[in-house]
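Please look through the model below with the following notes beside you.

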Amino acid sequence: CKTSGTHAIPEGWIIVAAGNPPEYNKSVREFDVVTLDRIKMIHVEPDYQVWKEYAEQVQIHPAIRSYLDIKPGNFCRIETTVDGKRFATPRGWEDLSRFLEVYEKLGKTADRDVISQYIQYPQIAKDFANYLELYQKYQKDYQVDEILHGVIREAACRKLEKAPFDERLSVISLLTAKLNDGFLALSMMEDRLERLQKLLGGVKPGNYDEQEYPSALERLEGILAGVQAEWKYKKEAGLLDRKEAHLTFDTVETLDALVKELRSEHITETDAVWEKVSQAFADKNDHAFDFMEAAFGQSQEMVVFITSLNMGFYSVRFLGEYECERYYRYNQTLLFDGQEKEILEKIEKQ
């Protein structure tokens with residue numbers, strides 16, 4: 001009757017609850033038949049491919065993502081042994097990711113003992129600790145940051161050509177992770193610019209008093225001063241929640257960066273700044289293809305690279321808005337040829 005006890009549930013509302021099964025939580029009770037008869041019970045199983053989409057969006061540490069790509073069976077494992085419980089869970093991987101981010105900022109390296117505090121499955125903790133050490137070594141050996149700035153060393157290409165497949169996958173993961181950092185930064189820039197759109201519209205000719213502000217740049221500086229004052233007031237008055245405070249701070253930073261760049265390059269048209277930002281990320285994307293072509297050509301590793309771009313939340317968003325000729329070319333030839341080969345093999349079997 002759409003009631004909970006004597007309380008009627010409002011029209012169009014559904015009550016949803018989540019909980020753990022008894023084998024994972026001693027404090028839970030089994031539902032009786034009367035309750036079960038009134039609810040829909042959905043059993044949820046851990047699925048790495050589903051979680052991976054989420055991991056892309058929230059920027060789970062790339063070492064964790066690449067490790068689980070290679071060993072998806074270690075994504076969620078819960079066992080009870082004579083020595084007690086041992087487990088690796090999605091929550092544990094995410095908490096470890098945030099910890100690794102902080103450790104890297106402090107210039108520290110996470111060892112097995114630290115990792116085991118989050119991944120409480122000794123064998124998996126040890127395995128990931130070994131992988132993380134190699135992952136960090138590959139980052140230094142192949143100088144991924146240099147690659148994305150167009151510096152491609154022949155020695156690195158030769159080394160990678162002879163490397164084991166796991167090492168190749170790790171380097172590809174490093175490349176895509178760095179690209180996704182750029183795509184995320186650009187996405188955040190777009191979100192800020194959506195908020196800034198009305199503000200920036202105030203610097204267009206005819207939208208401001210040219211006697212009060214002789215140039216669009218001076219008008220922009222006036223807007224920046226106003227936003228800074230408003231942000232300071234709301235912060236001191238406690239009127240900003242965490243998300244709003246972060247977005248407002250980013251807005252101030254973006255405006256400040258625009259002002260500095262415009263002034264240093266004597267640019268008055270704000271559209272030119274956005275063009276330069278988008279072009280900078282497009283260049284990094286092209287440099288990544290330069291390296292992949294030099295190291296692998298049209299190989300299975302290039303297929304892995306293209307597939308990673310196709311699955312990345314922020315890379316898909318970027319590639320949907322900005323052209324990358326080589327991405328479209330490889331996406332069409334490599335992935336289509338793979339489908340064609342698979343179809344032909346099925347035909348031959350029949």
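**Notes on the predicted model**

1. Helix α6 (residues 122-142) and helix α8 (residues 154-162) have axes that come within 10 Å and cross at roughly 140 degrees. Axes here are lines fitted to C-alpha atoms, for helices over the stretch in contact, with angles running from 0 to 180 degrees between N-to-C directions, and helices are DSSP runs (H or I, at least four residues) numbered from the N terminus.

2. On the α6 side the contact (heavy atoms within 4.5 Å) is made by K137, D141 and Y142, and on the α8 side by A156, K159 and L160.

3. This is a predicted model, in which local features need pLDDT of at least 70 and side-chain atom pairs count only at pLDDT 80 or more, while totals for chains, interfaces and linings use all residues. Residues are numbered from 1 along each chain as its sequence is written, and side-chain values use heavy atoms, leaving out hydrogens and water.

4. The structure holds ten aromatic pairs. Rings of Phe, Tyr and Trp (its six-membered ring) pair if their centres lie within 6.5 Å, and planes under 30 degrees apart count as stacked, over 60 as edge-to-face and the rest as tilted. The pair of Y48 and W51 is tilted, because the ring centres are 6.2 Å apart and the planes stand at 35 degrees.

5. Both Y48 and W51 belong to helix α2 (residues 48-57), three residues apart, about one turn of the helix. Y48 is buried at a relative accessible area of 6%, where buried means under 20%, exposed over 50% and partly exposed in between (1.4 Å probe, protein chains only).

Methods
Helix = DSSP H or I, 4+ residues; strand = E, 2+ residues; numbered from the N terminus.
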